[in-house]
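Open the model in your viewer and start with the whole chain in cartoon view.

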Amino acid sequence: MPVQIQSRQSLLLGISLLLIAFNLRPVFGSLSVVLPDIMRDTGLGATGASLLTTLPILCLGVFSAPAPALARRFGIERTLLGAMLLICIGTLLRGWVHLPLLFAASVLAGAGIAIGNVLVLGLIKRDFPHRSAMMTGLYTLAICAGASVATAFTVPLAQQLFGGAWAPALASWALPAGLVMLLWAPLALSAPHEAISPVPNPLSGRRLGSLGRDRLAWQVTIFMGSQSAMAYVVMGWLAPILRERGLNGTEAGYVVATAILTQLVTSLLTPSIAARCRDQRALAVGLALLVLSSLLALIFAPLGGRWVWAVLLGCGLGSAFALALSLIVMRSANAQVTAQLSAMAQGWGYTLAAVGPLLVGLLRGWTGGYASAATLLVLLSVVMAWSGWGAGRNLLVQPHSH
């Protein structure tokens with residue numbers, strides 16, 4: 001194949017993967033800014049709200065595990081197309097003010113996002129082996145961009161286009177998912193079942209040993225889970241916390257969007273910085289402290305400094321997420337192990353992450369306020385620092401034979 005054609009195909013593949021990544025987080029960011037309105041209009045209590053924000057995150061853990069098997073059965077590209085279809089349908093179903101449908105929509109969208117999380121990383125390792133750090137940074141940037149755009153514009157969409165109705169504003173985020181699905185479909189349907197690659201297919205049928213007995217693999221997994229728990233507390237509950245502190249819905253959404261938007265820069269730079277370090281232990285611990293201090297400031301400090309704290313929070317969260325993804329790639333010897341570690345880290349990691357927003361909501365219901373969530377955030381940051389210190393060692397995971 002001529003080099004020019006091959007370069008064009010690689011560029012198209014890279015852009016398509018980044019557009020898919022953009023659609024992996026609007027489900028979360030859009031819900032949080034209208035959660036008080038959903039509770040008001042549907043009679044949903046604090047416990048139900050906790051479940052509604054937690055369910056898609058739990059799905060990220062549950063549905064990450066079967067992603068490699070689905071890709072082996074149907075092909076990586078076709079499985080990713082199916083994941084985009086689930087995201088599109090799940091997002092669209094949120095346009096009806098019906099609680100059972102809202103919960104069902106969360107499951108569908110969460111399942112699609114979980115599969116996309118695993119497979120996009122596998123494709124990056126397979127098709128961009130010499131640009132994995134750059135592509136991981138761009139992938140993280142695209143995810144943060146999707147989350148920040150949805151957080152910032154859901155309330156204005158509801159007010160300007162839908163007469164203040166939150167349901168059609170939530171459903172409107174199915175539009176970009178549908179457009180990307182149409183873009184990806186020709187690539188997916190024309191791809192061979194086993195894609196030709198200079199490295200082994202990360203989702204091929206060759207059986208690997210288990211990572212379940214590898215200490216380093218678990219430390220990478222726990223770091224992924226703990227930093228994700230902090231991130232989903234921010235996406236799910238920071239806007240309601242700020243609204244309870246006196247900000248209106250639009251401004252609360254802008255503060256959270258600022259935190260997420262800041263991640264665009266740090267998420268792009270962190271993989272390259274991490275790759276140049278001898279190890280990543282100090283970086284992981286420092287990020288845990290930055291996330292905790294800025295988040296506590298937004299909960300307790302005077303709101304006059306909210307924009308500064310939001311920027312610092314975004315720096316910490318964006319870098320931590322990019323570092324977690326980078327560690328999956330850096331601690332793997334090849335693309336096959338990357339896919340295996342990705343499924344483990346995101347499967348178990350997001351299951352752990354679901355505990356964060358669930359407990360914040362439950363504590364809010366039990367105590368009548370958000371101050372009690374501070375203890376939970378401290379515990380999560382300690383876990384994040386401990387696991388990051390272990391995962392940051394310059395070692396490789398070693399699959400053990402059954």
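This is a predicted model: local features need pLDDT of at least 70, side-chain atom pairs count only at pLDDT 80 or more; totals for chains, interfaces and linings use all residues.

Residues are numbered from 1 along each chain as its sequence is written, and side-chain values use heavy atoms, with hydrogens and water left out.

**Whole chain.** Colour by secondary structure: there are 17 helices and zero strands (DSSP runs, H or I of at least four residues for helices and E of at least two for strands, numbered from the N terminus). The C-alpha trace spans about 60 × 45 × 40 Å along its principal axes.

**Surface.** Of the 402 residues, 57% are buried (under 20% relative accessible area, 1.4 Å probe, protein chains only).

**Helices 4 and 11.** Select residues 46–62 (helix 4) and 215–244 (helix 11): their axes come within 11 Å and cross at roughly 145° (axes are lines fitted to C-alpha atoms over the stretch in contact, with angles from 0 to 180 degrees between N-to-C directions). Which residues make the contact? Show side chains for Ala 49, Ser 50, Thr 53, Ile 57 and Leu 60 of helix 4, and for Tyr 232, Gly 236 and Trp 237 of helix 11 (contact means heavy atoms within 4.5 Å). These residues divide into five nonpolar, three polar and no charged, with Gly counted as polar and Ala, Trp and Tyr among the nonpolar.

Notes
Buried means under 20% relative accessible area, exposed over 50%, partly exposed in between (1.4 Å probe, protein chains only).
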